[in-house]
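I opened my notebook to look around a structure, one entry at a time. Come along and check each entry against the picture.

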Amino acid sequence: MTKQLKNLHWNFWLIGVLLLSLFFSTPVLTVFLSSVFSSGLGESGIWQHLLDTVLKDYIQNSLWLMIGVAFGSLIIGVSTAWLTSVCEFRGRRIFQWSLLLPLAFPAYIIAYTYTGMLDFAGPVQTALRDVTGWTARDYWFPEIRSIGGAIIMFSLVLYPYVYLLARAAFLEQSTITLEASRSLGKGTWYSFFKVALPMARPAIIAGLSLALMETLADFGTVEYFGISTFTTGIYRTWFGLGDSGAAAQLSSLLLFFVLALLLLERWSRRQSKFYQQSGKKMQSKRIVLSGAHAWAAFFACLLPLLFGFLLPFFQLSIWSWETADEMINKEFFILAYHSLELALITAFLALVVALFMGYGKRLHGNRLMGSLIRMTSLGYAVPGTVIAVGVLIPFTWIDNTIDSFSREVFDYSTGLIFSGTLFALVFAYLVRFLSVSIGTVESALEKIKPSIDDACRSLGTGGFKMLAKVHLPIMRTSLLTALLLVFVDILKELPATLLLRPFNFNTLAVRAYELAADERLQDAASASIMIVLTGILPVLLLSYTISKNKS
Amino acid sequence: MNVKIKNIEQTYLSVNGVSMAYADLKILDNLSMKLKKGEIGCLLGSSGCGKTTLLRSIAGFEKPQQGTISLNDQTLISDGQFIPPEKRGIGLVFQDFALFPHLTIEANISFGLSSLNRSERKQRVNEMLQLIGLEETRQRYPHQLSGGQQQRIALARALAPKPQLLLLDEPFSSLDVELREQLAIDIRNILKQLHISAIMVTHDQNEAFMVADKIGLMRNGQIVQWSTPYDLYHKPQNDYVAGFVGKGSIIPGIIIDDGTVETVLGTLKGHFDMPPYCKTEACHEYMDNIDSYDKHIGEGIRTIESAIDFSIPEPCKKKGCEVSLLIRPDDVIHDDDSSLALEITSKVFKGDEFLYQLKIDDEHHLLCNVPSHHNHALNSKLGIKMDVEHIILLKKQT
């Protein structure tokens with residue numbers, strides 16, 4: 001190891017990548033370190049208190065949620081993926097891309113929408129009473145704000161992860177494999193369960209672990225539904241009890257869950273490589289469904305789309321229309337402008353950092369640099385709440401140190417330079433979403449043949465000039481994609497924004513959260529629908545890529 | 001015995017004792033070569049022989065661990081000295097052309113011309129487009145052109161900055177077979193017209209024969225033989241070269257006299273160099289003398305090779321030395337009237353001719369190219385006569 005380090009070519013790029021990745025890893029490192037140290041010190045009894053009282057609930061609830069969401073998103077995701085990739089029925093072409101639309105809904109927004117729809121004064125129960133003539137005491141109505149309700153909400157918006165990867169896996173399976181099974185006298189159902197499904201399993205598990213990571217990272221839904229999980233626990237420990245050490249300890253416990261999912265995902269992706277086949281792809285001969293089968297397939301695809309997107313979207317549109325006079329005002333536009341501006345600037349910063357790392361790897365790639373970049377890309381798995389804790393601890397310490405130093409020497413209070421400003425928020429966004437832009441930039445760079453670099457250098461142009469004259473123009477579409485993806489992710493982000501925003505600074509997501517918390521669900525619609533509408537953009541982009549790949 | 005070739009012209013590109021290894025794997029093994037100005041060299045060899053690595057070392061994309069490379073009296077790499085590719089002034093044509101997809105043809109060709117002003121640049125692009133005969137493509141993008149056109153644009157782009165040396169890495173391999181021949185001839189003509197020194201890498205001997213002035217046959221990171229295409233084919237230095245270049249069959253023979261070998265196909269007469277293992281002790285002494293004599297005159301024109309060509313002196317003949325002969329298909333001529341007729345054991349139709357395999361005895365076969373209207377049945381006898389100009393002797397295989 002030391003010998004390898006000595007042989008490394010320490011150049012500008014490697015040092016730059018090293019510093020950047022260390023910088024962006026500080027929140028996670030902080031969480032681990034401070035949880036280790038504060039448990040040793042035992043500065044307050046809070047951790048012990050948590051351990052005795054709520055920790056069991058946190059773990060139990062998180063596990064139930066994960067089990068439920070796994071079940072729900074697997075059933076919806078795999079069945080729709082199979083139907084749209086292998087069968088042929090009326091509406092398949094539209095379903096194959098529109099089934100992704102629920103991705104545009106952040107879980108907390110769909111939760112607000114359904115709560116508004118299903119509560120006592122909502123349209124569903126009102127209609128029920130109007131039709132039957134019952135009063136409130138005459139009937140029982142299921143409570144959406146429960147763990148079961150949360151499972152349904154998560155499943156409705158997270159199944160597209162499973163759908164996307166399962167569909168790709170089914171399409172990659174050779175027709176011949178399935179035909180071989182059927183030629184050996186096995187029926188379609190048998191072939192599905194014994195051949196197609198096992199071959200697609202790694203991809204399905206990878207998609208599922210992504211969905212579960214999102215479930216664990218969620219704050220808005222569980223908070224609103226009153227379910228105690230890690231994320232709400234961290235929030236309460238930090239704000240309610242003011243104990244950063246205990247919050248860090250909860251965070252690192254949550255990270256262990258995440259790590260398990262992360263390893264599961266990585267492992268599945270590696271496995272799925274073995275299952276990829278060459279040869280003729282599925283597409284050509286689909287199983288044509290007719291009659292009752294075709295209708296069954298149609299509804300199997302329609303229901304998730306209806307409940308995961310069409311219905312809540314329709315409801316949000318109505319509410320924002322009804323509340324427009326009151327809610328769409330100057331204040332709203334300022335709020336929207338703030339959100340969009342912040343998201344755009346941060347997305348641009350993420351792109352610049354990703355370009356530096358990706359290009360450094362292309363020019364002077366070595367194993368150390370590769371691992372550093374991969375380490376930086378792990379941020380997508382870390383829940384926003386955890387990142388917020390990991391950002392606040394060091395920044396508050398730095399701020400207080402500077403402040404006390406300044407007060408001693410200059411008799412002037414500097415206030416909170418980092419933790420109290422947008423700096424902390426932008427930094428947290430970057431930690432969480434850098435992986436999105438790094439991934440896009442890396443795959444775009446990989447598509448440019450190395451001989452292009454050689455050609456450029458042999459014609460006398462290298463380094464940054466080569467990046468500007470050759471790589472950037474070739475990659476411009478991918479760069480815009482990276483910008484868009486990060487932009488939308490930031491716009492949707494709730495927990496880190498909530499914890500780190502400067503005093504009096506609001507975003508669309510926080511506004512929706514605040515109004516919902518005040519039980520003003522209809523009033524929250526205009527902020528929510530803005531988020532969903534921008535969220536549709538990357539989904540459409542993804543759908544476009546899917547349909548383009550096919551032709 | 002070392003054959004010394006005296007330099008009459010100045011060496012332009014010189015590669016000296018270059019070695020390179022990844023971990024324990026030797027890619028280039030103490031390799032040396034020289035190229036004169038205006039010459040087109042070709043590195044020929046099967047995949048993994050190190051030819052591309054050598055090319056990339058000359059270009060500056062690989063850094064050999066040992067050895068020196070210099071071009072036109074400028075050191076490109078030696079101990080502690082390394083000129084990066086963008087400063088070398090060496091043009092490259094890539095296997096996949098590597099045209100910049102986001103730039104027009106005009107912008108592609110003028111990419112390396114940043115030192116010129118606008119009008120000079122424009123003029124240079126015009127010259128280049130004229131040279132390759134693609135003036136009409138100026139405003140198009142690479143993906144709108146055919147493979148053959150892209151190939152010529154890649155050549156024009158590499159030649160536009162007037163490089164000191166042009167390197168071509170398998171330039172025809174991504175083109176249709178029908179296109180390759182014409183482009184190979186075109187490229188040779190263009191390079192000769194501009195008097196450009198060039199090195200091409202290929203695994204295809206036909207391409208090498210068409211384009212090169214000198215071919216270096218590579219194996220295991222070394223150049224086995226560096227000579228003209230004609231000599232590579234007709235005077236292979238060992239059985240690897242003989243086997244790699246062209247087709248042929250090997251038959252046993254016994255040297256009777258200078259220029260005469262007795263074989264199963266009868267007595268063959270032709271030129272050959274007496275192999276070292278067929279020379280007597282006295283001969284080696286003589287050769288050493290002639291070598292020092294040669295040095296003594298110091299005119300540097302007469303070479304040992306030419307000395308052998310004149311005549312083999314008496315002490316050098318060791319009669320009855322057993323050898324193997326390489327018989328090329330073109331050494332065997334079809335003749336229905338010939339008394340020598342062999343059985344056809346297999347035949348391959350190649351359009352303009354048949355390649356027949358003829359049976360000499362159970363162990364030995366002969367290959368023969370015959371114009372394709374001579375369609376003879378399998379297992380029938382084919383009349384042949386031998387027309388061997390260069391007898392290729394290989395060490396008797398045991």
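**Entry 1: the surface and the ground rules**

Accessible areas come from the Shrake-Rupley method with a 1.4 Å probe, and for residues only the protein chains shown count as cover. Chain B exposes about 19,600 Å², and carbon and sulfur atoms supply 47% of it.

I noted that this is a predicted model, where local features need pLDDT of at least 70, side-chain atom pairs count only at pLDDT 80 or more, and totals for chains, interfaces and linings use all residues. Residues are numbered from 1 along each chain as its sequence is written, chains are lettered from A and ligands numbered from 1 in the order in which they are written, and side-chain values use heavy atoms, with hydrogens and water left out.

**Entry 2: chain by chain**

I looked up the helices (H or I, at least four residues) and strands (E, at least two), which are DSSP runs numbered from the N terminus. Chain A has 24 helices and two strands. Its radius of gyration is 25 Å, close to the 24 Å that the globule rule gives for 551 residues, so chain A is as compact as a globular protein of that length. The radius is taken over C-alpha atoms, and the rule is 2.2 Å times the number of residues to the power 0.38.

Chain B has ten helices and 21 strands.

Next I checked burial: buried means under 20% relative accessible area, exposed over 50%, partly exposed in between (1.4 Å probe, protein chains only). In chain A, 52% of the 551 residues are buried; in chain B, 48% of the 398 residues are.

**Entry 3: where the chains meet**

How many residues does the contact take from chain A and from chain B? I found 16 from chain A and 18 from chain B, with contact meaning heavy atoms within 4.5 Å. The two chains bury about 1,600 Å² between them, 64% of it on carbon and sulfur atoms. Buried area is the accessible area (1.4 Å probe) that two parts lose on being put together, summed over both.

I then searched for salt bridges (a side-chain nitrogen of Lys or Arg within 4 Å of a carboxyl oxygen of Asp or Glu). The rule finds three across this interface.

- R56(B) and D454(A) meet at 2.8 Å, N to O. This pair runs from helix α1 (residues 51-59) of chain B to helix α20 (residues 450-458) of chain A. R56(B) is partly exposed at 23% relative accessible area, whereas D454(A) is buried at 10%.
- E86(B) pairs with R457(A), their closest N and O atoms being 3.0 Å apart. E86(B) sits in the loop between β6 (81-82) and β7 (90-93) of chain B, and R457(A) in helix α20 of chain A.
- K449(A) and D96(B) meet at 3.9 Å, N to O.

I also saw that D454(A), R56(B) and E62(B) are linked in a network of salt bridges.

**Entry 4: a bridge inside chain B**

E170(B) and K51(B) meet in a salt bridge at 4.0 Å, N to O. E170(B) lies in the loop between β8 (165-169) and α5 (177-194) and K51(B) in helix α1, so the pair ties together parts of chain B that are 119 residues apart in sequence. Is E170(B) buried or exposed? E170(B) is buried, with a relative accessible area of 8%, and K51(B) is buried too, at 6%.
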